[in-house]
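Open the model in your viewer and keep the selection tool at hand. We will go stop by stop.

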Amino acid sequence: MNDYDAIVIGAGPAGSSLALHLAAQGRSCALIDGATFPRSKVCGEGIMPHGLHALQELGIEPEGAPFVGLRYLLEDGTRAASRFPQGLGGLGVQRSELDAELVRRCQAEPRIDVRLGAWARAVHLPSAPGERASVELGDARLTAPVLVAADGCRSRIRRQAGLEAPLLGAARFGVGAHFAHAPRADPMVEVFLGSGYELYSTPVSAELTCVALLTYREGLARLQGDLEGGLRELLAASAGRAQFLADAPLAGGPVRGIGPLAVQSTRAHAEGLLLVGDAAGGLDPITGEGVSLALVTSKVASEVLAGAYARNDFSARRLAAWTRQRRRAVRGLQRFTQGLLYLSRNHAKAERIVRTLAEKPDTFERLLAVAAGTSSLGSLRLRDGYRLLVA
Ligand SMILES: Cc1cc2nc3c(=O)[nH]c(=O)nc-3n(C[C@H](O)[C@H](O)[C@H](O)COP(=O)(O)OP(=O)(O)OC[C@H]3O[C@@H](n4cnc5c(N)ncnc54)[C@H](O)[C@@H]3O)c2cc1C
């Protein structure tokens, strides 16, 4: 049987969690991914508390290294650290393991037909209400009244549907690797702020630390040709945990790069089509929110689809509710991300802010509550704004 209630392309956190939500509603779907799992993915691998909560709602308790907050570091050794509010915690977890666990859950669900190692290339998107979407996979033709593109930051479906927004601002790139290194009981994600780049280090198990570098085109150009050597040089010139990692052995594969990041969509819906996760428009990873947001918003997308099934209406008009609700869910974090990106381009200001946060931990705590998903940007006090502005 090749007719489904939905076809989901991409079995990363966005696609697989959406498939699980649809199955819980009694809907059938085909979940297609070109990769076979476990597969690796360039990522900082820090899951924020609200992302962990979304996983727990799906009955998933991934194994990893818990963290309780964030620490920013400058070259001169200045550090500002804070914990999440209300004793909340995040989790450092290898994406190869987290994504494989989500896919395993989908495989165990009879309503989800998981097809791995199958790149969706011939995709027909509906152009009129009532038309079905279809995907040709080998000899099979899969059809459904709605197609969900969860195919990541370089989404082909987003381009095919003409929904890719022009890149605004300077393009950003990511580089990631794992190092065999066991930090001594240090449950913090550490962020080293360099000039024109940031280095994240997240313990993901007792023996492994994930490193993610975020930089601009010029920064990437300096690394090209020798990603590993370039990354090690930046680690050696940093401070704190990142500096220790400079000589640690690589684990679990070579250093890899990806980008441009955070490409946006003009809208996250069309006739018989939803874009979810990074395909709908990623946040710059500077806030470490991508996976959490994908998990939290896929539930919202499944609720919009529940309304569409109830009325058997998959028109762009009905699915527009998803674009509106997604924008509402993402708005606060998007502003927060833009603020951090401004600092990433203004190193002197970023250094002053880290010093302010080191001296004013209450402001840092309230900022972290926004990142943890427990408070909105509106919860920041006037004095927080003042401290950050005058820094
Ligand atoms: C350097 C860096 C650091 C990051 N750090 C963090 C962090 O610390 N915390 C955090 O939460 N987020 C982080 N992110 C963001 C996070 O990785 C993404 O937001 C997240 O992976 C989005 O999930 P997704 O399911 O939308 O897409 P993905 O995880 O990219 O999954 C997309 C899937 O689609 C499949 N696919 C693509 N095209 C096709 C096709 N045509 N046919 C079939 N399958 C297809 C791919 O194989 C892939 O499995 C980081 C990102 C980068 C680049």
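**Stop 1**

Select Ala65 and then Gly92 in strand 7: the two are bridge partners. Strands here are DSSP runs of E with at least two residues, helices are runs of H or I with at least four residues, and both are numbered from the N terminus. This is a predicted model, in which local features need pLDDT of at least 70, side-chain atom pairs count only at pLDDT 80 or more, and totals for chains, interfaces and linings use all residues. Residues are numbered from 1 along each chain as its sequence is written, and side-chain values use heavy atoms, with hydrogens and water left out.

Now show all of strand 7 (residues 90-92) with strand 4. They run antiparallel and are joined by three bridges. Two strands count as paired if DSSP finds at least two bridges between them.

The three strands form an open antiparallel sheet in the order 3-7-4. Strand 3 and strand 4 (65-67) are at the edges with a single partner strand each, so one side of each has no neighbour in the sheet.

**Stop 2**

Which strands make up the open sheet of seven? Select them in the order 6-5-14-15-16-13-17; their pairing is mixed. At the edges are strand 6 (79-83) and strand 17 (250-258), each pairing on one side only. From one strand to the next, the twist averages 15°.

Zoom in on strand 5 (residues 69-73). Five bridges pair strand 5 with strand 6 in the antiparallel sense. Click Arg71: opposite stands Ala81 in strand 6.

Next, look for helices lying across the sheet. Helix 6 (residues 227-236) lies across strand 13 (172-180), strand 15 (197-203), strand 16 (208-216) and strand 17, and runs at about 95° to strand 17. Contact here means heavy atoms within 4.5 Å. Axes are lines fitted to C-alpha atoms, for helices over the stretch in contact, and angles run from 0 to 180 degrees between N-to-C directions.

**Stop 3**

A cis peptide bond joins Gly259 to Pro260, with omega about -5°. Ala262 sits in that loop between strand 17 and strand 18 too. Ala262 is not a glycine, yet its phi is positive, about 55°.

Move to Pro38, in the loop between strand 2 and strand 3 (46-47). Phe37 and Pro38 are joined by a cis peptide bond, with omega about 5°.

**Stop 4: the ligand**

How many residues surround the ligand? There are 36, and the closest are Asp33, Gly44, Gly46, Asp278 and Val291. The shell divides into 17 nonpolar, eleven polar and eight charged residues. Nonpolar means Ala, Val, Leu, Ile, Met, Phe, Trp, Tyr, Cys and Pro; charged means Asp, Glu, Lys and Arg; the others, Gly among them, are polar.

- Arg39: a side-chain N or O atom is 3.0 Å from an oxygen atom of the ligand.
- Gly34: a polar backbone atom is 3.1 Å from a nitrogen atom of the ligand.
- Pro13: a backbone N or O atom is 3.2 Å from an oxygen atom of the ligand.

Finish with helix 9, which gives the largest share of the shell, three residues.

How values were computed:
Near = heavy atom within 4 Å. Polar contact = N/O pair within 3.5 Å; in protein donor to acceptor, adjacent residues only side chain to side chain.
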